[in-house]
Amino acid sequence: MTLPAWPYPKTIAHRGAGKLAPENTLAAIRHGVSFGYRATEIDVKLSGDGTLLLMHDDTTNRCSDGRGRVAAKTWHQLALLDAGSWHSKDYAGEPIPTYWRVAKYCIANGVMLNTEIKPCIGRERETGAAVALETQALFSAPEHAHLKPLLSSFSTEALIAARDAAPELDRAHLFENPLPTDWLARCKAVGAIALDANWRTLTPDIVNEAHANGLRVACYTCNDPADAERLWSWGVDSVITDAVDKIAFKS
(Lines give C-alpha, C1' and ligand atoms only; values in the text may rest on other atoms or scores of the structure.)
Protein backbone atom coordinates (compact mmCIF):
# COMPACT_ATOMS: atom_id res chain seq x y z
CA MET A 1 0.00 0.00 0.00
CA THR A 2 1.23 3.50 -0.82
CA LEU A 3 2.02 5.52 2.28
CA PRO A 4 0.66 9.06 2.65
CA ALA A 5 3.01 12.00 2.17
CA TRP A 6 5.04 12.70 5.30
CA PRO A 7 6.65 16.16 5.25
CA TYR A 8 7.56 15.95 8.93
CA PRO A 9 11.19 15.36 9.95
CA LYS A 10 12.63 12.28 11.62
CA THR A 11 13.12 14.22 14.86
CA ILE A 12 10.57 16.46 16.59
CA ALA A 13 11.25 18.41 19.79
CA HIS A 14 8.89 17.54 22.65
CA ARG A 15 6.96 20.52 24.05
CA GLY A 16 9.58 22.89 22.62
CA ALA A 17 12.86 21.74 24.10
CA GLY A 18 11.64 19.04 26.41
CA LYS A 19 13.05 19.57 29.86
CA LEU A 20 15.78 22.09 28.97
CA ALA A 21 13.37 25.05 29.13
CA PRO A 22 9.84 25.56 30.48
CA GLU A 23 7.66 23.30 28.34
CA ASN A 24 5.07 24.68 25.93
CA THR A 25 6.51 28.19 25.89
CA LEU A 26 8.05 30.24 23.11
CA ALA A 27 11.29 30.17 25.08
CA ALA A 28 11.32 26.38 24.87
CA ILE A 29 10.62 26.39 21.14
CA ARG A 30 13.40 28.90 20.54
CA HIS A 31 15.73 26.77 22.65
CA GLY A 32 14.94 23.76 20.49
CA VAL A 33 15.61 25.86 17.38
CA SER A 34 19.02 26.80 18.84
CA PHE A 35 19.95 23.11 18.61
CA GLY A 36 18.95 23.03 14.96
CA TYR A 37 15.45 21.61 15.43
CA ARG A 38 12.92 22.70 12.85
CA ALA A 39 9.91 20.81 14.23
CA THR A 40 8.26 20.84 17.63
CA GLU A 41 5.37 19.11 19.37
CA ILE A 42 3.09 21.31 21.48
CA ASP A 43 -0.04 20.81 23.61
CA VAL A 44 -3.02 23.06 22.89
CA LYS A 45 -6.21 23.52 24.89
CA LEU A 46 -8.96 26.09 25.43
CA SER A 47 -9.20 28.68 28.17
CA GLY A 48 -12.53 29.06 29.89
CA ASP A 49 -13.50 31.84 27.48
CA GLY A 50 -12.36 30.08 24.32
CA THR A 51 -8.76 31.14 23.64
CA LEU A 52 -6.39 28.44 22.39
CA LEU A 53 -3.23 28.30 24.49
CA LEU A 54 -0.28 26.01 25.17
CA MET A 55 -0.59 23.88 28.31
CA HIS A 56 -0.27 20.15 28.90
CA ASP A 57 -2.16 19.73 32.17
CA ASP A 58 -5.80 20.46 32.93
CA THR A 59 -4.61 22.71 35.79
CA THR A 60 -2.05 25.49 35.97
CA ASN A 61 -0.48 24.05 39.13
CA ARG A 62 2.62 22.30 37.74
CA CYS A 63 3.83 24.68 35.05
CA SER A 64 3.00 28.14 36.39
CA ASP A 65 2.59 30.13 39.59
CA GLY A 66 -1.18 29.77 39.26
CA ARG A 67 -3.57 27.31 40.82
CA GLY A 68 -6.77 25.79 39.51
CA ARG A 69 -8.32 24.47 36.32
CA VAL A 70 -7.46 26.01 32.98
CA ALA A 71 -11.09 25.67 31.89
CA ALA A 72 -12.19 27.77 34.87
CA LYS A 73 -9.97 30.74 33.95
CA THR A 74 -10.27 33.47 31.35
CA TRP A 75 -7.44 34.11 28.93
CA HIS A 76 -6.73 37.40 30.74
CA GLN A 77 -6.20 35.50 33.99
CA LEU A 78 -3.97 32.92 32.32
CA ALA A 79 -1.93 35.54 30.47
CA LEU A 80 -0.89 37.10 33.79
CA LEU A 81 0.68 33.88 35.12
CA ASP A 82 4.42 33.21 35.30
CA ALA A 83 5.05 30.03 33.31
CA GLY A 84 8.83 30.06 33.63
CA SER A 85 9.91 30.37 37.26
CA TRP A 86 8.85 26.80 38.08
CA HIS A 87 11.61 25.64 35.71
CA SER A 88 14.41 28.04 36.69
CA LYS A 89 15.03 31.69 37.52
CA ASP A 90 16.45 32.25 34.03
CA TYR A 91 12.91 31.93 32.68
CA ALA A 92 11.12 33.95 35.35
CA GLY A 93 8.19 35.83 33.88
CA GLU A 94 7.86 33.66 30.76
CA PRO A 95 4.17 33.82 29.78
CA ILE A 96 1.79 31.12 28.65
CA PRO A 97 1.59 31.65 24.89
CA THR A 98 -1.46 31.51 22.66
CA TYR A 99 -1.50 29.02 19.82
CA TRP A 100 -1.74 31.99 17.43
CA ARG A 101 1.51 33.50 18.74
CA VAL A 102 3.41 30.21 18.54
CA ALA A 103 2.14 29.55 15.02
CA LYS A 104 3.25 33.00 13.91
CA TYR A 105 6.76 32.38 15.26
CA CYS A 106 6.94 28.98 13.60
CA ILE A 107 5.74 30.32 10.25
CA ALA A 108 8.30 33.14 10.35
CA ASN A 109 11.14 30.78 11.25
CA GLY A 110 10.29 27.70 9.20
CA VAL A 111 9.47 25.48 12.17
CA MET A 112 6.96 22.65 11.67
CA LEU A 113 4.35 21.91 14.33
CA ASN A 114 2.93 18.68 15.68
CA THR A 115 -0.08 20.24 17.39
CA GLU A 116 -1.46 17.91 20.02
CA ILE A 117 -5.12 18.60 20.80
CA LYS A 118 -5.14 18.36 24.61
CA PRO A 119 -8.75 18.99 25.64
CA CYS A 120 -9.79 19.59 29.21
CA ILE A 121 -12.22 16.93 30.42
CA GLY A 122 -15.61 17.35 28.77
CA ARG A 123 -14.35 19.71 26.05
CA GLU A 124 -13.11 17.13 23.54
CA ARG A 125 -15.22 18.04 20.52
CA GLU A 126 -15.13 21.77 21.19
CA THR A 127 -11.33 21.77 21.45
CA GLY A 128 -10.79 19.49 18.46
CA ALA A 129 -12.88 21.72 16.22
CA ALA A 130 -11.33 24.94 17.54
CA VAL A 131 -7.75 23.72 17.02
CA ALA A 132 -8.54 22.52 13.49
CA LEU A 133 -10.27 25.74 12.45
CA GLU A 134 -7.54 27.98 13.85
CA THR A 135 -4.85 25.83 12.25
CA GLN A 136 -6.67 26.01 8.95
CA ALA A 137 -6.86 29.81 9.17
CA LEU A 138 -3.24 30.30 10.28
CA PHE A 139 -1.76 28.13 7.55
CA SER A 140 -4.16 28.93 4.70
CA ALA A 141 -1.73 31.01 2.63
CA PRO A 142 -0.15 28.98 -0.22
CA GLU A 143 3.34 30.01 0.87
CA HIS A 144 2.73 28.39 4.27
CA ALA A 145 1.36 25.10 2.95
CA HIS A 146 4.68 23.29 3.47
CA LEU A 147 4.48 24.11 7.19
CA LYS A 148 0.92 22.89 7.73
CA PRO A 149 0.84 21.19 11.18
CA LEU A 150 0.14 17.57 11.98
CA LEU A 151 -2.81 17.40 14.41
CA SER A 152 -2.65 14.62 17.00
CA SER A 153 -4.60 13.61 20.09
CA PHE A 154 -5.24 10.78 22.51
CA SER A 155 -8.93 11.68 22.20
CA THR A 156 -10.75 9.92 19.38
CA GLU A 157 -13.65 12.32 19.88
CA ALA A 158 -11.41 15.38 19.50
CA LEU A 159 -9.86 13.98 16.33
CA ILE A 160 -13.27 13.27 14.81
CA ALA A 161 -14.28 16.88 15.52
CA ALA A 162 -11.00 18.10 13.97
CA ARG A 163 -11.62 15.93 10.90
CA ASP A 164 -15.14 17.27 10.49
CA ALA A 165 -14.01 20.89 10.89
CA ALA A 166 -10.94 20.79 8.61
CA PRO A 167 -10.69 17.44 6.81
CA GLU A 168 -7.69 18.53 4.73
CA LEU A 169 -5.39 18.69 7.78
CA ASP A 170 -3.22 15.66 8.58
CA ARG A 171 -4.09 13.76 11.75
CA ALA A 172 -2.32 11.21 13.95
CA HIS A 173 -3.92 9.15 16.71
CA LEU A 174 -1.93 9.07 19.94
CA PHE A 175 -2.00 6.04 22.24
CA GLU A 176 -0.76 5.34 25.75
CA ASN A 177 1.34 2.39 26.87
CA PRO A 178 0.27 -0.38 26.36
CA LEU A 179 -0.90 0.03 22.80
CA PRO A 180 -4.59 -0.97 22.65
CA THR A 181 -5.55 -3.92 20.47
CA ASP A 182 -7.92 -1.74 18.41
CA TRP A 183 -5.31 0.90 17.50
CA LEU A 184 -5.66 0.33 13.78
CA ALA A 185 -9.45 0.61 13.80
CA ARG A 186 -9.29 3.81 15.84
CA CYS A 187 -6.72 5.34 13.50
CA LYS A 188 -8.98 4.56 10.55
CA ALA A 189 -12.07 5.89 12.35
CA VAL A 190 -10.58 9.38 12.54
CA GLY A 191 -8.98 9.31 9.09
CA ALA A 192 -5.49 9.43 10.59
CA ILE A 193 -2.42 9.25 8.39
CA ALA A 194 -0.27 8.10 11.32
CA LEU A 195 -0.08 6.01 14.45
CA ASP A 196 1.63 7.95 17.25
CA ALA A 197 2.63 5.62 20.09
CA ASN A 198 4.78 5.46 23.20
CA TRP A 199 8.13 4.39 21.77
CA ARG A 200 8.42 1.52 24.26
CA THR A 201 5.29 -0.13 22.84
CA LEU A 202 6.60 -0.31 19.29
CA THR A 203 8.05 -3.38 17.62
CA PRO A 204 9.14 -4.01 14.03
CA ASP A 205 5.92 -5.97 13.50
CA ILE A 206 3.73 -3.07 14.65
CA VAL A 207 5.61 -0.62 12.42
CA ASN A 208 5.25 -3.00 9.48
CA GLU A 209 1.54 -3.52 10.17
CA ALA A 210 0.96 0.24 10.29
CA HIS A 211 2.82 0.79 7.04
CA ALA A 212 1.01 -2.12 5.38
CA ASN A 213 -2.27 -0.39 6.26
CA GLY A 214 -1.22 2.99 4.87
CA LEU A 215 -0.21 4.59 8.17
CA ARG A 216 2.98 6.40 9.00
CA VAL A 217 4.46 5.86 12.48
CA ALA A 218 5.57 8.48 15.00
CA CYS A 219 6.53 7.87 18.62
CA TYR A 220 7.15 9.70 21.88
CA THR A 221 9.27 10.37 24.03
CA CYS A 222 12.57 8.72 23.11
CA ASN A 223 15.59 10.37 24.73
CA ASP A 224 18.44 7.97 24.01
CA PRO A 225 20.31 8.27 20.69
CA ALA A 226 20.82 4.49 20.42
CA ASP A 227 17.11 3.84 20.96
CA ALA A 228 16.24 6.45 18.34
CA GLU A 229 18.57 4.82 15.82
CA ARG A 230 16.93 1.46 16.46
CA LEU A 231 13.46 2.93 15.93
CA TRP A 232 14.51 4.48 12.63
CA SER A 233 16.00 1.16 11.55
CA TRP A 234 12.53 -0.36 12.03
CA GLY A 235 11.05 2.28 9.74
CA VAL A 236 9.63 4.69 12.33
CA ASP A 237 8.97 7.94 10.49
CA SER A 238 9.35 10.47 13.33
CA VAL A 239 10.77 10.34 16.86
CA ILE A 240 9.60 12.94 19.38
CA THR A 241 12.29 13.70 21.95
CA ASP A 242 13.18 15.82 24.98
CA ALA A 243 16.88 15.29 24.24
CA VAL A 244 17.40 17.98 21.63
CA ASP A 245 20.94 18.38 23.01
CA LYS A 246 21.79 14.69 22.49
CA ILE A 247 19.81 13.58 19.43
CA ALA A 248 20.76 15.62 16.38
CA PHE A 249 17.95 17.01 14.24
CA LYS A 250 17.20 14.86 11.20
CA SER A 251 15.01 16.13 8.42
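Select Y220 to begin: this residue is buried, with a relative accessible area of 12%, where buried stands for under 20% relative accessible area, exposed for over 50% and partly exposed for what lies in between, with a 1.4 Å probe and protein chains only. The model on screen is a predicted one, in which local features need pLDDT of at least 70 and side-chain atom pairs count only at pLDDT 80 or more, while totals for chains, interfaces and linings use all residues. Residues are numbered from 1 along each chain as its sequence is written, and side-chain values use heavy atoms, with hydrogens and water left out.

The structure holds 3 aromatic pairs, and F154 and Y220 form one that is edge-to-face, at 6.0 Å centre to centre and with 90° between the planes. For this term, rings of Phe, Tyr and Trp (its six-membered ring) pair if their centres lie within 6.5 Å, and planes under 30 degrees apart count as stacked, over 60 as edge-to-face and the rest as tilted. Because F154 lies in the loop between strand 5 (150–153) and helix 5 (156–165) and Y220 in strand 8 (residues 216–220), the pair ties together parts that are 66 residues apart in sequence.

Next, go to M112, whose place is in strand 4 (residues 112–117); helices (H or I, at least four residues) and strands (E, at least two) are DSSP runs, numbered from the N terminus. M112 is buried, with a relative accessible area of 9%. Which residues does M112 touch, not counting residues up to four places away in sequence? Show P7, Y8, P9, R38, A39, T40, H146, L147 and K148 around M112, a contact being heavy atoms within 4.5 Å.

Finally, zoom out to the whole protein, whose secondary structure comes to 8 helices and 9 strands. Its radius of gyration is 17 Å, close to the 18 Å that the globule rule gives for 251 residues, so the protein is as compact as a globular protein of that length; the radius is taken over C-alpha atoms, and the rule is 2.2 Å times the number of residues to the power 0.38. Buried residues make up 55% of the 251 residues.
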